[in-house]
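Welcome, and please open your viewer.

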Amino acid sequence: FLKSKSCKVIWFNPTTAKSFSAWTIISGDSQVFTPPSLGFGNDWVLIIDNPVYNYGKPGMTRKSENPG
């Protein structure tokens, strides 16, 4: 798993390419994750990331990756 003491959590909807609810959790703590919506046509991807790298929300690029 991630070696960081905390993790950034983001729900991503691949159908709309929108991100939802970025928050930070403490690694090692027990967590329960519930998607923002349920049912047919509600697909979600849970992204758990190391905040040290400062990645943006899915669908966004880092400023250093943008063409000049």
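Start by selecting N13, which touches K18, D43 and W44, leaving aside residues up to four places away in sequence; contact here means heavy atoms within 4.5 Å. Before moving on, note that this is a predicted model, in which local features need pLDDT of at least 70, side-chain atom pairs count only at pLDDT 80 or more, and totals for chains, interfaces and linings use all residues. Residues are numbered from 1 along each chain as its sequence is written, and side-chain values use heavy atoms, with hydrogens and water left out.

Is N13 buried or exposed? N13 has a relative accessible area of 10%, so it is buried (under 20% relative accessible area, with exposed over 50% and partly exposed in between; 1.4 Å probe, protein chains only). Now show T16: its backbone nitrogen lies 3.3 Å from a polar atom of the N13 side chain.

Next, select residues 6-13, which form strand 1. Strands are DSSP runs (E, at least two residues), numbered from the N terminus. N13 belongs to this strand. Eight of its eight residues are buried, so strand 1 is largely enclosed by the rest of the structure.

Look for C7, whose bridge partner in strand 2 is I25. In the hairpin of these strands, with four residues between them, A17 takes a positive phi near 60 degrees.

Finally, select strand 3, residues 45-49, which pairs with strand 1 in the antiparallel sense over five bridges. There, I48 is the bridge partner of V9.

How values were computed. Two strands pair if DSSP finds at least two bridges between them. A polar contact is a pair of N or O atoms within 3.5 Å; within protein, one must be able to donate a hydrogen and the other to accept it, and residues adjacent in sequence count only if both atoms are side-chain atoms.
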